[in-house]
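Student: Hi! Could you walk me through part of this structure?
Tutor: Happy to, let's take a look together.
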Amino acid sequence: MKKVTDKKQDSSRQIHAPRNRKAPELLAPAGSFEICKAVVQAGADAVYAGGSRYGARAFAENFTQEELLQAIDLVHLHGKKLYLTVNTLLKQTEMDALYEYLLPYYLQGLDAVIVQDFGVMQHIRRWFADLPVHISTQMSVAGVYGVSYLQKLGAARIVTARELSLEEIREIRRQSDVEIECFVHGALCYCYSGQCLLSSLLGARSGNRGRCAQPCRLPYTILDEERKPLGKNGYPLSPKDLCTIDQIPQLAEAGITSFKIEGRMKSVEYAAGVTALYRKYIDDYMEKGFVCVTKQDYEGLLQAGNRSGFTGGYYKRHNGADMITMTHPRYEKSIVFDQNKSYAYEKKLAVQASACFKIGEPAVFKVSSRGCLVSAEHGVVQAAQTQPVSREMILTQLSKTGNTPFEIEKIDIQMDPNVFLPKQMLNQLRRKALGQLEENMLRQSRRAVPDAVAEQNPRQQDAALKSGNKDTDVQTYFTAAVEQAEQLCAVLEQEWIRRIYLDSSMYRHEHFPTQLKEHTARIHAAGKQAFLILPPVLRSKTAAFYKERWQDICNSGVDGYLAKTMDELGFLEQMEADKQCCVLDHSLYTYSNETKESYCSLGWSYDTVPLELNKKELSARNNTASELIVYGYLPLMTSAQCIKKTMGRCTKTNGLCYLKDRYAKEFAVRNVCSECYNTIYNAQPMSLIQLAEEIKKLHPAAYRLCFTTESKQMVSRILHCVRTSFFERQTTDLMSVIGAYTNGHYKRGVE
């Protein structure tokens, strides 16, 4: 304990930010209460943590309810914040328990909730209007349209896609005043977060449910379009860890509100050690306007943990081979917890105090910390009959703060001569004052039960949404999505297909309006609807391209759009597209009826049945305005990285290559150069064609067939199987047509 005197002490040197420079928030991970304490001591401005449910790190230690309530108090006493991760997709039964789960944390003073599920966001905004909602990077927000749209709907902060450049972040900040949070250190995903089904479909461990098995860290052989090897075997889907400590000035000046360190499954040494170093250099930046990272500190970050070294991430580049480990991505660490580090012991809150002891009056003890002042009284001061109490004894007793969060730095004592004060009386006075101080400091963040829901449990209010609400008279129709012109030819021959989706990847930018108009005319001539599939990610350059050609797109005659991201919903709304002619793809997840209804309330009435729900879960879902995918090579990943570029084979031309895993399964990879992204497809197609009579009981609005790499001849053969199963109600030997296939998650689902 620090020595306490009743003399005025010198204050520590304050670091002042240069004019017009704003300090970014340093946001640290906490997988346990111990780590939460450590990162607060290490200098975090805020902590993000997961509770017992709904977090994207299901295998982290996480917090019990009691620990999380204690953590909220801990950070608030230190003037920090705590954000709770509810960043998974919620199933119907989980939505039922969400309100009761969040309410204790809301009352305790939780500072924000981080969410992926749009229905969760809408519920929190309705139930707890003053609780800020932060949009998780799992929602794949990559541009100003998504940011602005979510801000309008009540989001206080957006955790943007990790793939954004500094210029893209600056553009968002120029056009929006919403808070922007970005990752600055830790593991990187190969895929745009929230658009990965690799772990889900290969091993039933869904990243959308916090259970990713990281198959991206496994070895793959890369094959060209003719199935010939492109270089040696390696780990082409495994990015190096992110480290941006030397980019702090550029990140701050781009307008990033919060610097986020990844690592809720990491050790206390890692979380606190990395936090301490970023704290050091953020403070350097605020004082000097620049940083100069020492070799020793950089080595310290490497020792804390890395995968084949570090990468500076996407802030200054779109992608690059040197961002990928390629060698075995063993996580290397050699850090030893240093007990001398500032985060190795608990820093208590400094308290300034004064005491007044006048004979015949109550003893008074005033304490203050972080702007909160408390005055406590206890007993009556007596005149000494024999030996008066000494000032030193009073200082000793009043300074014993024990297991409280406080440490008394200075006590100013005013006392009459010849005063008698029993030690027990002084102890009770001290405990009373410090107890009131802690209570008053925490009371500032406490909340009452919201008036809007105090009388009725939201579970009862939302009961109408939980019924399947099936319309058994719905006439289900067929749609087909194509990625190649020759596939369109085959689909046009089938009179029973009502709508055709044209994938934007079919068109090179220079030919886009002309070819789209030509294809639309052919579709209309066949008596069908033509919908345009927007790109899997709508970043700034892509959005600018579509905005510039929007009138040409409208003039092409397309009847509607298939949207894949929140950015595209914001874009379509700004372009004043008819929402009744827009369909949400499966990547705009609608696991629950509540989430589906949240989109419907905004005018987005039509969606796609989620790919990760099983038969039982789908039966409990209202599918009457949803399309059910019954065939297709499902997309496992969408990445800003490029397999061909990683192997030094970039031709700037759209094409295919393949990844072969250790079981000899081959996954097609399509590179789309105009937008500069890769899509990795499953090795086997998903088919529910053979279950035609069974899936009719789900009563979807439409069945969708998705064609990606199939030839025209294969498309025709698959369409024949569909006709046989759905219209002629005959058993078809599907395997003889397409070979091995999977039922997807229809039978097994995900946890």
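Tutor: First, a definition: two strands pair if DSSP finds at least two bridges between them. Helices (H or I, at least four residues) and strands (E, at least two) are DSSP runs, numbered from the N terminus. This is a predicted model, where local features need pLDDT of at least 70, side-chain atom pairs count only at pLDDT 80 or more, and totals for chains, interfaces and linings use all residues. Residues are numbered from 1 along each chain as its sequence is written, and side-chain values use heavy atoms, leaving out hydrogens and water.
Student: How many bridges join β17 to β18?
Tutor: There are 7, and the two strands run antiparallel. They form a hairpin with 2 residues between them, and Arg-370 in the turn has a positive phi of about 50 degrees.
Student: What is the order of the strands in the open sheet?
Tutor: The order is β18-β17-β16-β20, with mixed pairing. β18 (372-378) and β20 (406-415) each have a single partner strand, so one side of each is left without a neighbour in the sheet.
Student: Switching topic, which strands does helix α12 lie across?
Tutor: Helix α12 (residues 423-443) lies across β16, β17, β18 and β20. Its angle to β18 is about 150 degrees; axes are lines fitted to C-alpha atoms, for helices over the stretch in contact (heavy atoms within 4.5 Å), and angles run from 0 to 180 degrees between N-to-C directions.
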